[in-house]
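Dear colleague,

I am passing on the structure below, and after it you will find a summary of what came out of the analysis. Please read the notes on conventions together with the findings.

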Amino acid sequence: MPVAGFLAWLLPGLGHIYTGHRARGIVCLVTVTATFWTGVAIGGVPQTVNPHERQLWFAAQLCTAGNALTAYAITPLVTSDSGSAPRGAESAHDPPPAHWMSADIGVHYTGVAGLLNLLVIFDALARAEPRRGGKRSERHDSDGRT
Amino acid sequence: MNALLAGILESGIPVTGMQRFALMIPLCLAVAIVYKTTRCEKLRDVPMASLVLCVTIVLGMYTVGIGLYVLFRLMV
């Protein structure tokens, strides 16, 4: 059971796939990942995934660890690849300016994606848990197609 | 292509005016899809249930927003 939760935390839907609910897992994977990276595209990586200035939002983003850590890891790559100094920034260490509304919307998208993955983690844990007497309900045996 | 991708990832996409209201719809749709995926017994019920939930959330939030705006206008 903890393995399903850990896998779901690492990558949205992987816990469901691990427990045999492949279609459900793929839906969660696509939806949560698309929501997260849409937010990153709207707000920009340095403003959206920023553990120094947006600690609580980063905690929410970390609920989908694979996406959040990947975004955090590519932050220095993105800022160094696109030029020697960010456009309009005061110094090389400041993140480039994005419209404040874009940054806020991006943070909301990524934070909500993380919290949605929390729901997915709990659902994966519930589906991985065997029913009393070792018998599973019918919905645990498939994605409801039977 | 790489420069465009790097530009988007670096500074994002400018969003102004009414676009911010439109951007609420995909977020509500994502919330509805994930919630209904975890709740529905049969996956084939998810699309319609998600759509209904998404419309309910969006209309509910717009109603609350309009109500608060009218209240604000009356009080000012």
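**The contact between the chains**

Chain A contributes 39 residues and chain B 25 residues to the contact between them, where two residues are in contact if their C-beta atoms, placed from the backbone, lie within 7 Å. On the side of chain A that touches chain B, α3, α4 (45-48), α6 and α7 each supply at least two residues, and the largest share, twelve residues, comes from α3(A). By class, this side of chain A holds 20 nonpolar, twelve polar and seven charged residues (Ala, Val, Leu, Ile, Met, Phe, Trp, Tyr, Cys and Pro count as nonpolar, Asp, Glu, Lys and Arg as charged, and the others, Gly among them, as polar).

This is a predicted model, in which local features need pLDDT of at least 70 and side-chain atom pairs count only at pLDDT 80 or more, while totals for chains, interfaces and linings use all residues. Residues are numbered from 1 along each chain as its sequence is written, with chains lettered from A and ligands numbered from 1 in the order in which they are written.

**A helix pair across the contact**

α7(A) and α3(B) pack at an angle of about 5° with their axes 10 Å apart (axes are lines fitted to C-alpha atoms, for helices over the stretch in contact, and angles run from 0 to 180 degrees between N-to-C directions). The two helices, α7(A) and α3(B), are therefore roughly parallel to each other, a label given to angles under 35 degrees. In this pairing A:Tyr109, A:Val112, A:Leu116, A:Leu119, A:Val120 and A:Asp123 meet B:Leu27, B:Ala30, B:Val31, B:Val34, B:Tyr35 and B:Thr38, and these residues divide into ten nonpolar, one polar and one charged.

**Chain B**

Chain B has four helices and zero strands (helices are DSSP runs of H or I of at least four residues, strands runs of E of at least two, numbered from the N terminus). The radius of gyration of chain B, taken over C-alpha atoms, is 18 Å, well over the 11 Å that the globule rule (2.2 Å times the number of residues to the power 0.38) gives for 76 residues, so chain B is more spread out than a compact globule. Its C-alpha atoms fill a box of roughly 50 × 45 × 15 Å along the principal axes.

**One residue in chain A**

Apart from its neighbours within four places in sequence, A:Val32 is in contact with A:Pro12, A:Thr64, A:Ala113, A:Leu116, A:Asn117, A:Val120 and B:Val34.

Best regards

Conventions: Parallel < 35°, antiparallel > 145°, perpendicular 65-115°, else oblique.
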